[in-house]
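Please look through the sequence and the model below before reading on.

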Amino acid sequence: QVHLVESGGGLVQPGGSLKLSCAASDRIFSIYAANWYRQAPGKQRELVAGITTGGSEHYADSVKGRFTVSRDNAMQTLYLQMNSLKPEDTAVYYCNAVFTAAAGTTTLDYWGQGTQVTVSS
């Protein structure tokens, strides 16, 4: 069983920065793809950033150039560096890890509990 715990959320002014962390129970991010999702009140959950097991990054258009996803060297912690924050970035941010067997017959999907990010003056 994989457990994920997010931290680093808080209140920040527009234009400010925050760095979110997602600590895994094991060194999983070399074999699990990882994503950051967010959900604002009254809105659907959306994918904001992800990183493949090979280290390729992808981002939603709304955060390109402002957010950066990364992993630590031990492959046990996932990060989301958020710069130039906007009020519309306000949401609960969730860490997600996905494992797919080589044969494509098994997929495991794990989620953290979420951390609140509020961007307001």
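Does Asp-89 count as buried or exposed? At 0% relative accessibility Asp-89 counts as buried, where buried means under 20% relative accessible area, exposed over 50% and partly exposed in between, with a 1.4 Å probe and protein chains only. The model is a predicted one, in which local features need pLDDT of at least 70 and side-chain atom pairs count only at pLDDT 80 or more, while totals for chains, interfaces and linings use all residues. Residues are numbered from 1 along each chain as its sequence is written, and side-chain values use heavy atoms, with hydrogens and water left out.

Asp-89 meets the side chain of Arg-66 in a salt bridge (2.8 Å, N to O), a term for a side-chain nitrogen of Lys or Arg within 4 Å of a carboxyl oxygen of Asp or Glu. Arg-66 lies in the loop between β6 (57–59) and β7, and Asp-89 in the loop between β8 and β9, so the pair ties together parts that are 23 residues apart in sequence. Salt bridges that share partners join Arg-38, Glu-46, Arg-66 and Asp-89 into one network; within this group Arg-38 is buried at 6% relative accessibility, whereas Glu-46 is partly exposed at 31%.

Turning to the strands (DSSP runs of E, at least two residues, numbered from the N terminus), four of them form an open antiparallel sheet in the order β1-β3-β8-β7, pairing being taken as at least two DSSP bridges between two strands. β1 (4–7) and β7 (67–71) stand at the edges with a single partner strand each, so one side of each lacks a neighbour in the sheet. Six bridges join β3 (residues 18–24) to β8 (residues 77–82).

Note on methods. Helices (H or I, at least four residues) and strands (E, at least two) are DSSP runs, numbered from the N terminus.
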